[in-house]
Amino acid sequence: SRADPTPVANPRVVILKSRRMLHLFDGDRLVRTYPLDLGLVPIGPKRRAGDNRTPLGTFRVATKNPSSAYHCFIGLDYPDVPATEWGLQHGLISPGEAKAIREALAAGRCPNWATGLGGGIGIHGGWVGRDWTGGCVAVSDDAVEELYAVLRIGDPVEILP
């Protein structure tokens with residue numbers, strides 16, 4: 001059974017990479033704070049598939065999987081527009097891929113996770129207290145159950161340095 005935390009009417013998440021903390025807010029009210037692990041290369045923005053970096057930016061919850069390899073999985077709509085523009089300028093994606101990503105984001109859909117920019121970035125369980133993921137944010141299994149119960153498709157997740 002999923003955890004049933006305090007009801008949250010207007011959930012949003014703010015992740016502080018440098019502090020290894022995830023903050024769950026209800027509007028402007030801080031509800032809960034969880035420790036987290038980042039990608040194996042924790043500093044800087046995600047640039048390409050396989051770079052083991054956790055992206056920076058403002059994302060939205062795009063997918064939810066109640067039984068992933070790392071407990072629950074809350075997928076984010078990375079790559080976002082800034083990552084897409086960077087990838088296009090640097091030849092990691094084609095103009096057609098960039099257009100498809102922009103269209104998916106504009107329509108509130110999950111963009112293609114199988115381009116040179118990478119994807120499949122999200123919040124999941126398996127927290128161990130050291131950076132180890134391929135770019136995701138890992139929290140404890142109990143924490144991801146609480147977040148899974150509260151977060152809805154479209155809710156904002158901001159990842160800051």
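## Packing of helix H3

In this predicted model, the buried residues of H3 pack against S1, S2, S3, strand S4 (57-68), strand S5 (71-76) and S6. Helices (H or I, at least four residues) and strands (E, at least two) are DSSP runs, numbered from the N terminus; contact means heavy atoms within 4.5 Å. The buried residues of the helix are Ala143, Val144, Glu145, Glu146, Leu147, Tyr148 and Val150, where buried means under 20% relative accessible area, exposed over 50%, and partly exposed in between (1.4 Å probe, protein chains only). Because seven of the 10 residues of H3 are buried, the helix is largely enclosed by the rest of the structure.

Residues are numbered from 1 along each chain as its sequence is written, and side-chain values use heavy atoms, with hydrogens and water left out. As the model is predicted, local features need pLDDT of at least 70 and side-chain atom pairs count only at pLDDT 80 or more, whereas totals for chains, interfaces and linings use all residues.

## His124 in strand S6

His124 belongs to strand S6 (residues 122-124). With a relative accessibility of 3%, His124 is classed as buried. Leaving aside residues up to four places away in sequence, His124 touches Tyr70, Cys72, Phe73, Trp132, Thr133, Cys136, Val137, Ala138, Val139 and Val144.

## Salt bridges

A salt bridge is a side-chain nitrogen of Lys or Arg within 4 Å of a carboxyl oxygen of Asp or Glu. By this rule, the count is eight.

Arg32 pairs with Glu146, their closest N and O atoms being 2.5 Å apart. Arg32 is partly exposed at 29% relative accessible area, while Glu146 is buried at 16%.

Arg20 forms a salt bridge with Asp131, with 2.7 Å between the closest N and O atoms. Arg20 lies in the loop between S1 and S2 and Asp131 in the loop between S6 and strand S7 (137-138), so the pair ties together parts 111 residues apart in sequence. Arg20 is partly exposed, at 25% relative accessibility.

In the salt bridge between Asp28 and Arg12, the closest N and O atoms are 3.7 Å apart. Asp28 is in the loop between strand S2 (21-26) and strand S3 (29-35), and Arg12 in strand S1 (residues 11-16), so this pair ties together parts that are 16 residues apart in sequence. Asp28 is exposed at 74% relative accessible area, whereas Arg12 is partly exposed at 25%.
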